[in-house]
Amino acid sequence: KKCVCSGYAEAFQLIMNKLGVNTTVVIGDAGGPHEWNMIELEGENYYIDVTWDDHDRKNDSGVFIFTNDSDYEYMCITTEELRKTHTPDALMFSPPNCLSTRYNYFVYNGYFLWDYSFSEFNRIVTEQATEKKIITVKLANRIEFNEAIEDNNKNKNGFNIPALSKGYKYVTDDNH
């Protein structure tokens, strides 16, 4: 009933392989020894770290609060994204370069903006607000992110989105 990253990675590999999805456990470093996975979907390789995407939390009394909101930051990511936080052990694993974003969680679900636009931002927030406590919109780069923040600050657009009418906080994460 308890495991560390190796348990997550090996269980994920077992399930995915039984479903016919070629999945490999990757051993390396992510601020300490760590294990995650690489999968192949339609001939393209992706990294997945189910351990780092599990975000059940404990309150101050140590009781688990199940948020039902995984971050999906490590769901079908590229080598470039992975290497910001993870380093595969080159002696144990010679990974192919994962370049595709097709099945990245945010791209696949339409929660990724290559170019900022308020109407698309509004669509993403509104779509997620009915199901999630934590709403995530990923922007392609810092320039697009800054444009979104500037637009909101200048036009107070965030408060024109009903899902954000009670207010909101945003987080920047240079790794993602």
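**Figure 1. Arg123 is partly exposed, with a relative accessibility of 32%.** The term partly exposed covers the range between buried (under 20% relative accessible area) and exposed (over 50%), with a 1.4 Å probe and protein chains only. The model is predicted: local features need pLDDT of at least 70 and side-chain atom pairs count only at pLDDT 80 or more, while totals for chains, interfaces and linings use all residues. Residues are numbered from 1 along each chain as its sequence is written, and side-chain values use heavy atoms, with hydrogens and water left out. Glu120 is likewise partly exposed, at 32% relative accessibility. Side chains of opposite charge can pair when their charged atoms come close. Arg123 and Glu120 form a salt bridge whose closest N and O atoms are 3.0 Å apart; a salt bridge is a side-chain nitrogen of Lys or Arg within 4 Å of a carboxyl oxygen of Asp or Glu. Because the two residues are three positions apart in helix α4 (residues 118–129), about one helical turn separates Glu120 from Arg123.

**Figure 2. Glu73, Glu81 and Lys138 belong to a network of salt bridges.** In the whole structure, a search finds five salt bridges. One of them joins the side chains of Lys138 and Glu73, at 3.3 Å from N to O. Lys138 lies in strand β9 (residues 138–139) and Glu73 in the loop between β5 (64–65) and β6, so this pair ties together parts that are 65 residues apart in sequence. Lys138 also forms a salt bridge with Glu81, with 3.9 Å between the closest N and O atoms. This second pair links strand β9 to helix α2 (residues 79–82), as Lys138 and Glu81 are 57 residues apart. Lys138 is buried, with a relative accessible area of 6%. Glu73 is buried too, at 14%, and Glu81 is also buried.

**Figure 3. Five strands form an open, antiparallel sheet in the order β6-β3-β2-β1-β7.** Strands (E, at least two residues) and helices (H or I, at least four) are DSSP runs, numbered from the N terminus. Two strands pair if DSSP finds at least two bridges between them. Strands β6 (75–77) and β7 (87–88) are at the edges and have a single partner strand each, so one side of each lacks a neighbour in the sheet. Strand β1 (residues 23–29) runs antiparallel to strand β2 (residues 33–41), and seven bridges join them. Thr24 has Met38 in β2 as its bridge partner.

**Figure 4. Helix α1 (residues 5–18) lies across strands β1, β2 and β3 (44–48).** The helix runs at about 15° to β2. Axes are lines fitted to C-alpha atoms, for helices over the stretch in contact, and angles run from 0 to 180 degrees between N-to-C directions. Contact means heavy atoms within 4.5 Å.

**Figure 5. Ile27, Leu91 and Met92 form a nonpolar patch on the surface.** Together, these residues have about 360 Å² of accessible area, a value from the Shrake-Rupley method with a 1.4 Å probe, where for residues only the protein chains shown count as cover. Patches consist of residues with over 30% relative accessible area and no salt bridge; like charges are joined within 9 Å, and nonpolar side chains (Val, Leu, Ile, Met, Phe, Trp, Tyr) within 5 Å. Ile27 belongs to strand β1 and counts as partly exposed, at 31% relative accessibility.
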